[in-house]
Amino acid sequence: AGTHKASSIRVAEAAKVIENVQRDVNIALVNELALIFKRLGIDTNDVLQAAGTKWNFLPFKPGLVGGHCIGVDPYYLVTKAERAGFEPRIISAARQVNESVGSTVSTEVMRLMTQKRIHIVDANILVLGLAFKENCPDLRNTRVIDIVRDLQASNAVVDVHDPWVDAAECQSLYGIDLVQKPGNGKYDAIVVAVAHDQFRAMEIEDIQGLGKANCVIYDIKYLLPKEVVDGRL
């Protein structure tokens, strides 16, 4: 793309911030649309694929927004704006929407479990992925932890498997001992949280085989066909 020389360091910093803010707002929009379509009984991914046939439709997908850029930079701009006497509404609202996705997922997983008459207390739940994005070991500001904590708060037994993440760092940051090899037929629910290549390469039967016969499968990342999952964003 070449190099663009900004007119000042302030312009350069502002440009970097709004790049991340723009992505945060766009993801918040599709996250909110996913909530609407859920209530209307429409599959969000089907809608996005249809809308994507228009040449200028932006291909954002719903999901967790973490990391040290998109999930953080909007707060810098909001703080700076407030100090200048302006209260940003769209940016702040987008942050609220995206910060709530983990809770939305955990609530839906527990609802689906209850629907299948699976008791939450002492249920074995597997979360596939903890890094804030796919094919990356970075745990900073990962929002997958929101799902894990919510399920643990409901007294479920939560195993986390992530082949990219350093086990010692995970224990230090979050107090979680990663499971290196999830046991077959063990889990009452499985949450596909991060789209690592290792998970993409798994056969549908391999993921299903990790769960019990009545297992709930919730797919945040659209890795699996909608026909084989119980829920997704």
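Contact here means heavy atoms within 4.5 Å. Helices, for their part, are DSSP runs of H or I with at least four residues, numbered from the N terminus.

What you have above is a predicted model, in which local features need pLDDT of at least 70 and side-chain atom pairs count only at pLDDT 80 or more, while totals for chains, interfaces and linings use all residues. Residues are numbered from 1 along each chain as its sequence is written, and side-chain values use heavy atoms, with hydrogens and water left out.

I'll start with helices α3 and α4. On the α3 side, Pro74, Tyr75, Leu77 and Val78 meet Ile91, Ser92, Arg95 and Glu99 of α4. By class, that contact has five nonpolar residues, one polar and two charged. For the classes, Ala, Val, Leu, Ile, Met, Phe, Trp, Tyr, Cys and Pro count as nonpolar, Asp, Glu, Lys and Arg as charged, and the others, Gly among them, as polar.

Two packed helices are described by the angle between their axes and the distance between the axes. The axes are lines fitted to C-alpha atoms over the stretch in contact, and angles run from 0 to 180 degrees between N-to-C directions. For α3 and α4 the angle is about 145 degrees, with the axes 10 Å apart. Their crossing is left-handed, a term used if the near helix is turned anticlockwise from the far one by less than a right angle.

Next, α1, residues 9-40, against α3, residues 73-83: the angle is about 110 degrees and the axes are 8 Å apart. That makes α1 roughly perpendicular to α3, a label for 65 to 115 degrees. From α1 the contact takes Lys16, Val17, Ile18, Asn20, Val21 and Asp24, and from α3 it takes Asp73, Pro74 and Leu77. Five of these residues are nonpolar, one is polar and three are charged.

Helix α4 covers residues 90-99, and its axis comes within 8 Å of the α1 axis, crossing at roughly 55 degrees. So α1 is oblique to α4, oblique being what is left after under 35 degrees (roughly parallel), over 145 (roughly antiparallel) and the perpendicular range. This crossing is left-handed.

Now the domains. Where is the chain divided? Domain 1 is 9-97 and domain 2 is 102-232, with bounds from an automatic or database domain assignment. Their centres, taken over C-alpha atoms, are 24 Å apart. Each domain gives 16 residues to the contact. The two domains bury about 1200 Å² between them, 55% of it on carbon and sulfur atoms; buried area is the accessible area (1.4 Å probe) lost on putting two parts together, summed over both. In domain 1, Leu64, Gly67 and His68 lose the most area to domain 2, together 42% of what that side buries.

Key:
Helix = DSSP H or I, 4+ residues; strand = E, 2+ residues; numbered from the N terminus.
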